[in-house]
Amino acid sequence: MTAQEHDKIIDLIKREVILSIGCTEPMAVSLCVMMPVSAVSAARYAMGGALDASLIAKLIAPAVLGGIVGGILLDKLRENLIMKLFALLVIYSGLAMIVR
């Protein structure tokens, strides 16, 4: 596949798939995928005795608060800004995984 063919396919995907369903739906789908995966991972760590209960207690309130604030902001911010913020989050997460 040439670079031009690759670029045409990417443009087609962006135009027909991503842009046609809007910005917030892919983010919601992403969260719906991440939540069960995270829950299964947490359950496996718990069964193996690898969870620190004091750390979990410290992280629950900020996580819930972040979810609530994120949900509110999702309705109030422009889609363009949300897309940029989400892209930055994905890039940061990927780089953090590579560095570790």
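Of the 100 residues in the protein, 4% are buried, meaning under 20% relative accessible area with a 1.4 Å probe, protein chains only. This is a predicted model, in which local features need pLDDT of at least 70, side-chain atom pairs count only at pLDDT 80 or more, and totals for chains, interfaces and linings use all residues. Residues are numbered from 1 along each chain, and side-chain values use heavy atoms, without hydrogens and water.

The protein has four helices and zero strands. Helices are DSSP runs of H or I, at least four residues, and strands are E runs of at least two, numbered from the N terminus. Helix α3 kinks by about 30° at Leu59, shortly before Pro62. That bend is the angle between axes fitted to the seven residues ending there and the seven starting there.

The elements below each give two or more residues to the lining of the largest pocket.

| Helix | Residues |
|---|---|
| α2 | 24-47 |
| α3 | 53-76 |
| α4 | 79-99 |

A pocket is an open set of points on a 1 Å grid, where a 1.4 Å probe fits, with protein on both sides within 12 Å along at least five of seven lines; lining residues have an atom within 4 Å of a point. The largest pocket is lined by 25 residues. Leu31, Met34, Gly66, Gly67 and Leu89 lie nearest its centre.

Definitions and conventions:
Expected span 1.5 Å × (residues − 1). Buried < 20%, exposed > 50% of the residue type's maximum accessible area, 1.4 Å probe, protein only.
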